[in-house]
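Subject: Structure for your review

Dear colleague,

Please find the structure below, handed over for your work.

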Amino acid sequence: MWTIAVVLSFVAMFDGIAQKTSYQISIDDNDKHLWFVLPWKDGKAVAILTGPPLAGPSVWTYVLELSSDGVPTRVTRISTIGISSFFWMSDAAISGDKLFILSGLQASAYARLLILDLESGDFWSEGFEFVNAQFLVNDQTERVIIFSSTNYIELDSNGDMVFNREYDLVSLSIDPSLSLPSWQQPISIVRDTMKGFVAFKSFQNSAGELESFLHHLDQDGDVLKSLRLKNFRVDAIQTDSDGLYLVGKHISNYAFSNNTYDLLVLKLRWDFTVEWSRVYFAEEFEYNTSTIVLSPSQKELILSYSTYGAFPVIFARLTRDGEIKSQTGYPLYQPLLELFFDNSLLMGTNLNFDSLGNTFPQVIISKTDTLGQIENCPTYVTCLQEEEVSYQDYEFVTVTSEIVETYEVEDENFVLDTTQFETREFCEFPGAPAADFFPGDTILCSGDSLHVFSQGALISNGNQWHLTGPGVDTFIVGSSSFRWYFQEVGIYMLKHVIWSLGCASEFSSSIEVLAPLSVSIQHSSKPQCTPPIGMTLHSNRPLTNLTWSTGDTTAAINILQGGHYSVTATDGYCDATDSIDVVFVSETLGGQPPLELPPDTTVCRQHLPYMLSPQSSFTDSFLVNGRLHVNSPAALSRPGDYEVVALIEGCAFPDTFRLDTSACHVKVYFPNAFSPNGDGINDVYRPLAGDDAEMLELWIFDRWGGLRHHGEAAKIEWDGRGAPPGTYV
């Protein structure tokens, strides 16, 4: 089923002519191919499509007649019997109410002219042997003038051949074998103001160069003058009262354009001398095809210029001298272009596209109003420019011709019927492409890569990335994404420019590249002796998140046992890690005590100093109350608590030893008599004791309590002087 959508506009006035209705039609049938869209009378249009039949080897041709508001009024289906005669469409035109279709078989010199009366539905055809031709219909006589690769043929109103004139192109070094439909550019013929004809033929010569030939013919096809134009493929021609306009593809070798090909417009006088020449160009808008027409009031030229891909059409109004007055853009993909006499634009395409740049088969036909607008459908801003140039790359040549034998081929049997279509509203195009990309402004870490993507680049006519920064100034062209590895620290700027319909739009973002994040685990510089110990993470920038291998998320943690510990941290942009192996000396002792001391001890005071000998299986160095003893005991001279430390691999393993003392029991002998008679025997009295006792004081009293002697230390003894014999205490 074919689906057609209609969008209507309102009537206005422009250039003294009623503005025709605008519309947009979609035929959602992948089996149909649009060949031509042709303006008709009163704003009506005709579309010619081909498609497969329901059965059999033939190809059906569909002639779709559209009213001025885009409603299909009749669809004529033409089929052949036993042969696919419409495989290749060469040309089509409307004269009055008659539709002329020139078609042929693939890779064959066989061609057929079909004539359909659009009012009555009458139909007839004639077959001929020529290739790659276009024609002109004389509106007064309804004679058809066909100009092919090498021939000028005139048919009468019944399609019968009047004469066939063949041109000698050998002297021009033109190889007729190059004139194949697969690459050959159109041949065209128009009427001049003197009721003669102007025909042109464009081709690519054996050297791969573009060339065109322009022939001024009289009504019998004799060549009055021929012009050879180099590096120029003429695509359309428009006659004027004082000359003609040529538009087409021109090799761009100008500083003002970065395209390979641009649009060239030549204004020629009738003697084929160049009056002026202008190049029309737009940034990243490579030339595809163009048309030109003179407005009915002859006040302005109407120029259409298309490129390849999405958003391809610029529709411009020019002064008679070629200066741009206004312009509008359209989204139809690789369009067919025609102009109505009221200056409205008729367009058709076989492809549509989505926002990702994917194309898919879809026949779309659009008609603008006289201001270039389509009701309820978007048009776009364009940036077509023009520069006056000097075109001198042409020469006059001589072309001879002669009448050759008239020939034609047998006719085919054709069947005509009609069919119907359903319609629906349609206007489904992506929005104008934007240069923005994701992500935008960003901060990276040195050594990281950035990958950004712009969806707008997928449907733009061209795009460019430009990265500047420390040691970088680079361009990447034609990619929808941009990737870069950043090594140098600093601020970068990434600018993305896209071009659509010749207009540039840009989007920029800054990229800050940071120095690598550095983190280190800080801990005591002393040997790790016994748990716990504290570890703290230090960094060269504030951190937003960190995680230890223990699961802790704070900057400082306590370690309770030896092992491998790591931490991962980030400042939100860069990541860093650090790790440490923790070994506690206490965990290397194999469960044995680092220090062995005797039990707390009590000794007699008279036995001081006490000799303390700490023991360890791992060291012979000890501290006793801070004094180092190596392979020697410590002499303890007084009671108290002593701190004893075993020094093992730089670690101190402390313990406490307590020493107590006691007066203990001392044997003292007190003599019970002495004889102070001076005979040297027992002359003095004193207590007798060993070395464990120290004599402090001696008090002696008589029986009545009187003090007879008090002695201290060295004078403790009593000599009994003056004391009578007796008993004393």
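Are C445 and C574 buried or exposed? Both C445 and C574 are buried, where buried means under 20% relative accessible area, exposed over 50%, and partly exposed in between, with a 1.4 Å probe and protein chains only.

Please note that this is a predicted model, in which local features need pLDDT of at least 70 and side-chain atom pairs count only at pLDDT 80 or more, while totals for chains, interfaces and linings use all residues. Residues are numbered from 1 along each chain as its sequence is written, and side-chain values use heavy atoms, with hydrogens and water left out.

Disulfides

A disulfide is taken as a pair of cysteine sulfur atoms within 2.5 Å, and four disulfides are counted by this rule.

The sulfur atoms of C445 and C574 lie 2.3 Å apart, and this link is right-handed, with 115° about the S-S bond. C445 belongs to strand β37 and C574 to the loop between β48 and β49, so that distant parts of the chain, 129 residues apart, are linked; strands are DSSP runs (E, at least two residues), numbered from the N terminus.

C529 and C651 form another disulfide, with 2.0 Å between their sulfur atoms; this one is left-handed, at -85° about the S-S bond. Because C529 lies in the loop between β44 and β45 and C651 in strand β56, the pair ties together parts that are 122 residues apart in sequence. C529 is buried at 16% relative accessible area, and C651 is buried at 0%.

C377 is joined to C427, S to S 2.2 Å. Here C377 counts as buried at 9% relative accessibility, whereas C427, at 28%, counts as partly exposed.

Sheet

Three strands form an open sheet in the order β46-β48-β49, with antiparallel pairing; two strands pair if DSSP finds at least two bridges between them. β46 (545–548) and β49 (575–582) stand at the edges with a single partner strand each, so one side of each has no neighbour in the sheet. Strand β48 (residues 563–570) pairs with β49 over eight bridges, and T570 stands opposite D575 in β49.

Pocket

The lining of the second largest pocket comprises 14 nonpolar, four polar and no charged residues. Nonpolar covers Ala, Val, Leu, Ile, Met, Phe, Trp, Tyr, Cys and Pro, charged covers Asp, Glu, Lys and Arg, and polar the others, Gly among them.

Yours sincerely

Key. Helices (H or I, at least four residues) and strands (E, at least two) are DSSP runs, numbered from the N terminus.
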